[in-house]
Amino acid sequence: MNLDSYSVTSEPYYSPTHNEVELFEAAYACRMPMMLKGPTGCGKTRFVEYMAWKLKKPLITVSCHEDMTASDLVGRFLLDANGTIWHDGPLTLAVRNGAICYLDEIVEARQDTSVVIHSLTDNRRILSLEKKNEVVKAHPDFQIVISYNPGYQSVLKDLKESTKQRFGAIDFNYPKADDEAKIITHESGVDLQTATTLIKIADRSRNLKGHGLDEGASTRMLIYAAELVAKGIPLAEACEVALVLPITDDQDIRNALSSAIAACS
Amino acid sequence: MSTTSTRGKYSVFPQNKVNEDVKQEQQILIQQGKKEFSKEYIPHWTLACDKLASAGYGAVIPLSYIRHSPKLVKHLNAEAAINLASVVSLAAIKVNRAAAEMLPKVAVIAAHDTKSMAGFITWINVIEELIKIAPESVLPVLERTQKILKTLTPDQFKSWVLAGLRSTGDDTLRQIQYFSFADPESEKWFRHEAGDIVYTDLERKLKLYLLALWNLQPPIRDLPPSLSPLSARRITISNGVVQVPEVFTGYHGVKAEQIFRAGLAHVGAHLKYSKTKFKLGKLKPIQVTLVSLLEDARIEHLAMQEYPGLRNLWLPFHEAKADGPQIIPLLLARLTRALIDKDYHDGNGWVQKGREMFFHPDNDFMDANMCRRIGSLLGNDLGQLRAQFNAKTYVIEPPYRDDNMGLWDFGDNQENEEDDKGIFIEATQMNKEESDDATQDDKNNQENEETEKQYHARESEEKDRKQSNVIVRYPEYDYLTGEERPNWSCIIEYFPEFGDSNKIARILETHTDLVTRITKLIQTAKVSLPERLHYQNVGESLDLDACINASINLRTGQIPDPRIYSTTERKHRDLSVLVLLDISNSTNDMVKNTQSSILELEIQATALLAYAMSELNDPFAISAFCSDSKEDVHYYRIKNFNSNYNSTAQAYLAGLRGKLSTRLGTAMRHGVKDLKSQHTHRRLMLVISDGEPSDIDVDDRSYLVEDARKVVRSLSRLGIDVFCVGLEKGAENYLNRIFGRKNYTLVNNLSALPARLTNLYFRLTA
């Protein structure tokens with residue numbers, strides 16, 4: 001099957017924070033299943049896109065949700081006028097055709113769902129389609145990548161130990177201030193000074209993590225704020241819209257954040 | 001004044017002569033007074049006057065009434081004037097002549113200030129209550145009526161009086177202190193009622209601000225308001241603790257919030273940039289003041305480089321003008337402004353010199369010694385002006401800045417010499433320890449406690465080894481005012497005593513039949529978030545996968561699976577429970593026909609329940625409470641949510657002893673902090689109590705009941721269920737009132753409690 005629609009044609013902007021590009025390339029070379037950890041909005045998804053482009057492999061992304069069944073990943077029989085036809089799920093598609101399959105927020109999926117990837121993530125590299133009575137051998141180019149945010153999931157939602165131990169992991173965090181400023185200017189078009197101020201503001205909210213905030217402002221949020229500024233919205237207002245209001249409903253925290261933002265500019 | 005002249009006559013003239021004079025004066029005044037009343041009220045008023053005159057209170061009281069009460073007609077109406085007589089009479093009987101004499105005069109003032117009949121009635125009712133409950137305090141209140149009513153409305157006055165009565169209990173001396181403003185509490189509540197913004201109103205916001213801006217969490221305490229207007233309070237930093245005035249006098253509304261914020265931003269800058277203490281050396285007081293001033297400017301300069309927006313926060317408080325007499329405090333204020341405000345022009349040579357020296361390009365702003373050097377020189381210059389400077393009366397301006405006592409090493413304290421790290425570093429280190437602590441516990445709700453812990457760590461070692469470090473204050477609801485009084489009652493966590501942990505095992509052994517039943521129940525107990533079940537025989541929706549399979553089977557000639565529905569079910573248990581045990585003194589009572597006390601049965605019941613909960617893997621915590629006045633509500637953690645139900649917890653449970661009283665609301669407020677942080681679908685607080693909420697400093701039976709009711713209602717808003725097991729006969733009334741009809745059960749046969757409690761638990765959580 002032609003996976004052209006899944007290939008990443010133009011270079012996504014990604015600014016490496018460490019040696020994660022080399023690490024991922026090495027992992028891909030031995031087709032090691034990878035787990036990307038890190039807070040929301042720090043660039044995990046962008047990184048996978050970038051790597052798919054760099055490795056020139058198609059990328060199939062599945063956003064996992066709690067009602068997702070194994071059939072949603074693997075595929076199912078569908079009916080048509082003449083009979084039944086098998087329809088490959090996104091995972092099977094990637095396995096057959098040698099794509100990178102990226103399962104975003106895997107913990108959201110039910111635990112029995114994540115078990116179907118087990119046979120793909122050890123040296124067997126096979127996917128068994130029980131309903132179809134078929135065993136699919138993974139294409140040599142196939143790799144599985146999952147993302148996993150250890151922060152905000154409750155204790156109830158965690159990966160099984162047997163799943164965790166099948167992956168290599170790269171830990172992501174918000175980039176260093178200079179890098180982050182570069183990213184913000186590139187993505188939004190604001191000047192470096194505004195970007196630096198935004199990062200200072202983000203650090204203020206990241207200080208409150210664990211004191212009423214589950215997460216501080218992410219790079220993605222900063223880009224949103226910067227985009228508003230680039231469209232002519234005053235900084236304080238842009239921050240209110242993009243950084244303060246979405247993140248908390250607690251009036252005291254909002255007040256503290258807004259005042260801290262006022263101090264930064 | 002004629003009253004004093006009348007009094008004077010007592011000593012000079014013979015008795016009958018005096019009586020005649022007084023009567024004459026009374027008659028004259030009555031005739032004058034009558035003019036104020038309309039016809040139908042005159043007989044009533046004269047009757048009231050006659051009653052007072054003939055009641056044997058002496059001459060002065062009736063005279064005062066006759067003289068002043070007609071004025072009430074003008075302000076309010078005739079009835080107010082006539083009714084006043086009964087209160088005057090009451091005051092004469094219950095309090096003393098002085099108060100009774102003063103009352104009519106003060107009533108006129110009150111009538112003028114309250115402006116409305118309703119307001120006046122509120123005021124006079126409060127006075128009447130006060131006469132009955134705390135007669136000794138009536139005079140101080142009357143004397144201050146004008147001051148009080150200038151600031152407070154009659155309703156606020158009522159709240160303030162109630163706060164006084166509630167906080168002082170039966171202690172007459174403390175009552176008098178409160179009502180004569182000799183007790184700092186009094187001023188604090190006065191400000192609170194007056195609607196002034198006090199530090200405690202903003203505490204959380206400001207702490208979060210400090211954390212966000214500087215990533216600092218120093219322990220912050222409030223300074224009680226100063227009683228003398230001379231000693232204006234400033235923020236002070238000492239021994240690593242930041243003390244903030246409860247209120248900045250003269251700042252209201254937004255401005256009040258701004259000054260607290262400016263103050264804490266300034267404190268943050270100190271903690272960040274004032275790394276070493278200055279040695280006092282041979283500096284003169286004016287030089288010390290100047291070095292402090294320059295240091296303030298230096299750290300603010302650095303802070304504003306980092307956070308330019310702080311300038312907008314600080315600048316409005318710098319109000320010095322470039323003209324005016326050359327007295328030192330004014331010059332200091334002008335220099336202060338010149339160092340922060342670029343647009344400020346000052347023709348004074350000394351101020352200009354100070355500014356030039358401070359901003360000299362060779363200065364290294366990271367080095368505090370520049371302040372010492374410049375401060376010494378500028379101080380010498382001021383000395384040549386021969387102007388007076390009194391360091392003792394000098395108060396740092398603008399008011400958001402701290403008193404800078406923490407900047408100096410006075411050399412008189414051994415501790416200081418040994419530890420040259422400086423106070424600010426101490427504070428920052430403390431903050432580090434705190435954050436380490438916080439990573440272990442759930443951080444969200446611990447902020448307060450963590451700082452409290454640090455602050456009290458030293459004190460508690462000396463004081464009471466049994467007392468843990470957690471001291472937290474909670475509001476309490478007063479149904480009479482319909483409002484919560486902030487920071488009213490105080491929880492102190494004590495370490496529970498060890499008992500015999502084998503006792504718990506023995507309890508399980510003696511109740512084998514119960515334990516087996518519990519085990520069976522455990523196996524069937526289910527409670528949780530709904531989960532979708534596929535391939536069901538019955539269900540509310542079609543299961544797509546199953547339908548397709550069935551169709552495929554039909555087409556391929558096989559027998560289709562009829563299970564084509566999906567449904568939802570709660571499968572896993574997902575609840576956490578806090579068991580709150582009342583261990584007040586009354587639990588020591590023996591239960592009829594048994595060898596056990598109520599507490600003994602509580603422990604047995606809890607032991608069985610804890611067994612069930614731990615077998616079910618339900619997260620649970622057990623705490624016990626009793627109280628000894630609002631300032632000392634004991635709270636014992638038997639088991640925490642994150643600790644195991646092990647022999648330590650069991651020994652704690654076995655070691656409980658009944659004592660003191662039952663301040664239920666406060667204990668529930670404290671317990672809920674833990675429960676709130678549990679991420680389960682259901683959260684349940686199970687209260688086991690043997691009696692009505694009560695405490696030694698509360699004689700109003702409804703007060704604590706209404707407070708507890710308020711807590712229960714606020715919990716239900718948080719999605720936390722509260723259920724109470726009552727152990728007292730005839731407790732329906734108040735349990736119904738507190739928890740609501742469906743949320744309590746009464747166990748009349750106490751010996752059945754252990755069995756009942758666990759059953760109840762399964763029923764509640766099924």
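Predicted model: local features only at pLDDT ≥ 70, side-chain atom pairs only at ≥ 80, totals over all residues.
Remain in chain B and move to the loop between α19 (369-384) and β5 (408-409), where Pro398(B) is found. The peptide bond that leads from Glu397(B) to Pro398(B) is cis, and its omega is near -10 degrees.

Next, display chain A, which holds 11 helices and 9 strands. Of its 265 residues, 42% count as buried. Among contacts in chain A with a separation of 6 or more, 72% join residues 24 or more positions apart.

Now colour the boundary between the chains, at which 29 residues of chain A are in contact with 26 residues of chain B. On the chain A side, the elements giving two or more residues are β3 (75-80), β4 (83-88), α8 (192-207) and α11 (251-264). The most comes from α11(A), with 10 residues. By class, this side of chain A has 12 nonpolar, 13 polar and 4 charged residues.

Finish with two loops of chain A. In the loop between α2 (44-55) and β2 (59-63), select Lys56(A); its phi is near 55 degrees, a positive value in a residue other than glycine. Lys56(A) counts as exposed because 9 other C-beta atoms lie within 10 Å, and the cut-off for exposed is 12 or fewer. Glu105(A) lies in the loop between β5 (100-104) and α5 (111-114), and its phi is also positive, near 55 degrees. Glu105(A) is partly exposed, with 18 C-beta neighbours inside 10 Å.

Technical notes
Residues numbered from 1 in each chain as written. Chains lettered and ligands numbered in written order. Helix = DSSP H or I, 4+ residues; strand = E, 2+ residues; numbered from the N terminus. Buried ≥ 20, exposed ≤ 12 C-beta atoms within 10 Å, placed from the backbone. Contact = placed C-beta atoms within 7 Å. Nonpolar A, V, L, I, M, F, W, Y, C, P; charged D, E, K, R; others polar.
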